[in-house]
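Hello,

Here is the structure for your files. My notes on the sheet and the pocket follow below.

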Amino acid sequence: MTNFWKLRDFRPFSVLYAYIDHEDYLADALFIQEQIPVRFPKEMVKKGEPYHVIFGRVRKKDCDRFEKVLEKLPDKMLLCGHTDYEDFCNDIAKLIRDGLEENVA
């Protein structure tokens with residue numbers, strides 16, 4: 001399951017990510033726990049959906065730790081009762097794959 005994507009960016013010292021989080025921002029607590037500073041330039045929300053696509057910028061030296069934290073997020077979602085998180089992430093990943101395939105064809 002993919003719940004985050006590393007995006008192309010031209011900044012030399014930071015990396016932009018997009019990841020899927022719940023409207024309660026469960027990933028924030030994980031970032032605080034692991035002491036990973038994240039800047040949040042944007043967020044995409046579809047009205048009525050509990051999940052948001054969050055854009056977060058981290059320093060290049062924190063990328064590995066950031067990705068490891070996001071790998072823990074599905075477990076936290078399950079513990080909080082959000083059993084459809086994995087399905088939602090898979091649906092978004094499929095939309096992205098299909099969009100990329102259309103652009104190549």
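Which residue in β4 is the bridge partner of alanine 18? Phenylalanine 55 is.

First, the ground rules. This is a predicted model, where local features need pLDDT of at least 70, side-chain atom pairs count only at pLDDT 80 or more, and totals for chains, interfaces and linings use all residues. Residues are numbered from 1 along each chain as its sequence is written, and side-chain values use heavy atoms, without hydrogens and water.

**Sheet**

Four strands form an open sheet in the order β1-β2-β4-β3, paired antiparallel. (Strands are DSSP E runs of at least two residues, helices H or I runs of at least four, numbered from the N terminus; strands pair if DSSP finds at least two bridges between them.) β1 and β3 are the edges, each with a single partner strand, so one side of each has no neighbour in the sheet. Strand-to-strand twist averages 20°. Antiparallel β2 (residues 14-22) and β4 are joined by nine bridges.

Helix α2 (residues 63-79) lies across β1, β2 and β4, at about 5° to β2. (Angles run from 0 to 180 degrees between N-to-C directions, with axes fitted to C-alpha atoms, for helices over the stretch in contact; contact means heavy atoms within 4.5 Å.)

**Pocket**

The lining of the largest pocket divides into 13 nonpolar, one polar and two charged residues. (Nonpolar: Ala, Val, Leu, Ile, Met, Phe, Trp, Tyr, Cys, Pro; charged: Asp, Glu, Lys, Arg; polar: the others, Gly among them.) A pocket is an open set of points on a 1 Å grid over the protein atoms alone, where a 1.4 Å probe fits, with protein on both sides within 12 Å along at least five of seven lines; lining residues have an atom within 4 Å of a point. α3 gives the most to this lining, with five residues.

Best wishes
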